[in-house]
Amino acid sequence: MAELGSKGVTAGKIASNVQKKLTRAQEKVLQKLGKADETKDEQFEQCVQNFNKQLSEGTRLQKDLRTYLASVKAMHEASKKLTECLQEVYEPDWPGRDDTNKIAENNDLLWTDFHQKLVDQALLTMDTYLGQFPDIKSRIAKRGRKLVDYDSARHHFEALQTAKKKDETKIAKAEEELVKAQKVFEEMNVDLQEELPSLWNSRVGFYVNTFQSIAGLEENFHKEMSKLNQNLHDVLLGLDKQYSGNAFPVKAQPRKKTKLFARLRKKMSSGSTPAKANKSPSPPPDGSPITSPETKTVNHELEASTLEAPGASIPKSPSQPAEAARAGAEAAGSEAAAGAEASKTEADSGSSTLPAVVVETFPATVNGTVEGGASSERADMPPGFLFKVQAMHDYTATDTDELQLKAGDVVLVIPFENPEEQDEGWLMGVKESDWIQHKELDQCRGVFPENFTERVQ
């Protein structure tokens, strides 16, 4: 006991605290079971909800601000290493050597100053703002405990008053405890009723000041950094003028050789090339000429079976194999030969006229739209056309599957037949001038480096 007394804690105090906890626990159980009413204050409960929300938002903002500062620190280190690298590679006899050293020094100072001001004007203010929440949170919890004590004292007093056997001494003591509990609760409640709304309203000004500070610091930092970057640009421009003969050429991104063009080269070397659109039908077996004044050719992408329905819309697939195209052309030639043979038979039988054998070119359709129609925006574009690009630099092809480009050339970009064969940084296309002249993909398309071009449509 002496030991407890030396620390300012007595056995009676401990017993009193234990009894309070038991009484509160019992009161809460009765309230949850609905056997005892609970004092409610909806306005205060709303204030507590706002407080919890404000604390959660402030804690998140503090966390994100610390992450932002860590990122600024990392950028500072990265920038410092980059400028140090420049200083190392910048040879002593090059013009502007002292200027680059000064720029690197100012760059380091600018980053350091930016980081420190963010700490002083944003992070420390954030810490001060959040520093008031723990105390208020503790007082809210204490106020909740005192409310339970008040309800418990009230219920005890009411029970003694309604008892069949009244004990005036116990009633008087219970009333005294009730008044005391009510006074303690109301004092805490009044203070919090004033502080919580005020704290809730303060968040607006705090957010405004914090983000204004960050925005202002960033603006000044980037202005000063922009000046340093301009100075560095001028120094390097002077170096470039002195060594203007050593221009650094623009290079294409290296690529792998795709299987697509390997197959095309194999076919070309073996002479098995796709059928062309200007291939004429074969003449009749006996050598007699076709008397039609105009002979039209079959679209090399049409299937032979579709020729039986003149005027029908023939679907056209951008990925149709070359073998199918040749089959279509051969079928068209066979049909022409058959027509010529029929004409010859009629002539031998005394017919006065020889009907013209015409192999029709039917309009192909893509997604239900007839190619070549005035209503289609992409009627004159190659199958699968995606967009246009324009060459910004000359590009010399290094392989037979690549396009040779001159600055200003317009290229119509089309998809790869097999997307897996596309190398990163390379596109498939046909030069617009070649497409307008030949309307032939197999002989004109090729791959080209994307970084030599820019999109124009």
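Predicted model: local features only at pLDDT ≥ 70, side-chain atom pairs only at ≥ 80, totals over all residues.
Tutor: Strands here are DSSP E runs of at least two residues, helices are H or I runs of at least four, and both are numbered from the N terminus; two strands pair if DSSP finds at least two bridges between them. Local features need pLDDT of at least 70, side-chain atom pairs count only at pLDDT 80 or more, and totals for chains, interfaces and linings use all residues. Residues are numbered from 1 along each chain as its sequence is written, and side-chain values use heavy atoms, without hydrogens and water.

Student: Which residue stands opposite Met428 in this pairing?

Tutor: Ile414 does. β6 also pairs antiparallel with β7 (residues 446–449), again over four bridges, and there Trp426 has Pro449 as its bridge partner.

Student: Are the faces of β6 covered or open?

Tutor: Buried means under 20% relative accessible area, exposed over 50%, and partly exposed in between (1.4 Å probe, protein chains only). In β6 (residues 426–431), six of six residues are buried: Trp426, Met428 and Val430 lie on one side, with Leu427, Gly429 and Lys431 on the other.

Student: Why does Lys388 count as buried?

Tutor: Lys388 counts as buried because its relative accessibility is 13%. This residue belongs to strand β4 (residues 387–391).

Student: What joins the side chains of Lys388 and Glu432?

Tutor: A polar contact is a pair of N or O atoms within 3.5 Å; within protein, one must be able to donate a hydrogen and the other to accept it, and residues adjacent in sequence count only if both atoms are side-chain atoms. The side chains of Lys388 and Glu432 form one at 2.9 Å.
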